[in-house]
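Student: I have a model open and want to go through a few parts of it. Can you help me read it?

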Amino acid sequence: MNIKYHIVSGALILLFTLSCQKKKGNEENTQTKQLERNHEETPQTIAEPTEEQMKSVNVTLGTVEMKELTSTIKANGLLRVPNNKKANVTSLYGGVIQTINVQIGDFVRKGQVLANISNPEYIQLQEKYLTVNSRISFAEQEYRRQKELFDNDAGAKKNLQSSDAELKSLRTQKASLRRQLQLMGINPAALTNGNLRSALVITAPISGTISNINAQIGSYVDVSSPVLDIIDNNSIHLDLQVFEKDLQKMRVGQIVHFKLTNNPDTEYDAEIYSIGSSFENESKTISVHANVTGNKSGLIDGMNITGIVSLDKSTTPAIPNEAIVEADGKYYVFVQTDKNPENHTKEKEDKDHGHRAGNLVKRQPKMNFEKIQIIKGSSDMGYTGITSVSPIAPNARIVIKGAFFVNAKLSDSGGHGH
C-alpha cells in the first residue's frame, strides 16, 4: 500500500509541475507579444545613420536661421486680354471672299491688308459718286445764273431758291458717298470712270495675332459675319480671385509669380495694377488685376493659372528648403539628439549576439536624429519659414542637406531602430 501511495503521489506532483511550467510559458509569451505589439504601435522618431553613411551622401548639419522672407498669398485665376485688344474683323459691305492673305498664328499690324472681297454693288456706288459730282458742276452753274438774274430783277426768287436747294442736296449726297468710299478704302479724289473697282480690301483694325479664320475663299460674308479674329496677347493680364480675408494685404505694385495649371514647370511674373471693389458673383472673392511682365510665350487668353502674391518682408526662423521632408501630408525636420531609439526586447538582442559568439564585430560611430514636425511658412530665395510643433533649441543642429536620406534610414528601420 505504501508503494502504491508513493507512486500516485509522485505522478500528481509531476503533473502539477508540468502544468505550472506551461502556464508560466504562456504568460511569458503573452507578455512578449504584448510588448512587441506596443512597440510596433509606437512610431519610431529617432534615426541613427552611421557617420560613414552620412559622409557618403554628403549629409550636412546647420542651425535654424533668422531670415528676412517675403510672405505670400496663394490665389487662382485666369489669363485675360482686355476687350479693346481683341477684334472680330468684318467687312462693312457684303461680298464674296476672293483672297485671304494670312494664316492662324500670323502677327499682323493695324491697317495691314488681310483679305479681298468683291461685289458688283461696289461699282454702282462709285458710279453714283461720279454722277453726283458731275451734277454738282451743272447745279453750281445754274445757281450762279439764277442769282445773277435775280440780282438784275430779271428772274424769279422761286427759281433762285430751287437751284440753291438742288445744289445743297447734291453736295450732301456727295459728302455721304465720299465718306462711304473712304470706308471702303477708295480714294474719292482719285476716282475716275476708268479706274472703278469691283473688289475691296479688309484691313486689320488692331495689331495682334490671328486667332481664328471664319471664312474661306468663295464664301459670301456680310456685315454680321466675322471674317477673322485678332487678339493682342502682348496686353494679356491676370484676373486673380482673392478672398475677402486677404484683400487688406493687397497693394498696387506687388509682384505675382504664377504658373499655368497645365504647365507647372514654367514660372511667369506679373505686377498688380488694379484691385476690384466688388465681389465676383457668389464666390466671395475680389478680382485683382496684374499685368504680365517679361516672358509671355505660351500664354493664351482664358488659361487657368495659380499665382503667388509677394507681400511685405518679415524676419522669421527659416531653414533651407531641402531640410524639410514630407510624410503623410505633414512636414518634418531632423534635429540631432542624445536620445536613443526604442530597442527590441533584451532576450532577442541576446539571442542575436549569441549567433555571433566568438566573432568580434566593430560598431561604427553613429549620430542620432529626432524627427520633429514643423509648420511651413513663406518661402523665398531657397529658404522656408518654419514653426515647430515641438520646441527646437536655438542652437540645435539640424540636417539641412540630405534630410531625404535620414528619413529613408528611419523608414528602413521599420520603426525598430535596426
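Student: What do the buried residues of H4 pack against?
Tutor: They pack against helix H3 (121-151). Buried means under 20% relative accessible area with a 1.4 Å probe, protein chains only, and contact means heavy atoms within 4.5 Å. This is a predicted model: local features need pLDDT of at least 70, side-chain atom pairs count only at pLDDT 80 or more, and totals for chains, interfaces and linings use all residues. Residues are numbered from 1 along each chain as its sequence is written, and side-chain values use heavy atoms, without hydrogens and water.

Student: Which residues of H4 are buried?
Tutor: Leu-160, Ser-163, Leu-167, Leu-170, Leu-177 and Leu-181. An α-helix has 3.6 residues a turn, so residues three or four places apart point the same way.

Student: And what comes just after H4?
Tutor: Gly-185, with a positive phi of about 90°.

Student: Switching to strands. How do S6 and S9 pair?
Tutor: Strand S6 (residues 107-108) and strand S9 (residues 208-213) are antiparallel, with 2 bridges; pairing requires at least two DSSP bridges between the strands. Phe-107 stands opposite Thr-209 in S9.

Student: How many bridges join S9 to S11?
Tutor: There are 4, and S9 and S11 (residues 228-231) run antiparallel. Ile-213 has Leu-228 in S11 as its bridge partner.

Student: Back to H4, what about the end-to-end distance of its C-alpha atoms?
Tutor: They are 40 Å apart. The 27 residues of H4 (residues 157-183) should span 39 Å at 1.5 Å a residue, so the two agree; the expected span is 1.5 Å times one less than the number of residues. Helices here are DSSP runs of H or I, at least four residues, and strands are runs of E, at least two, numbered from the N terminus.

Methods. Buried < 20%, exposed > 50% of the residue type's maximum accessible area, 1.4 Å probe, protein only.
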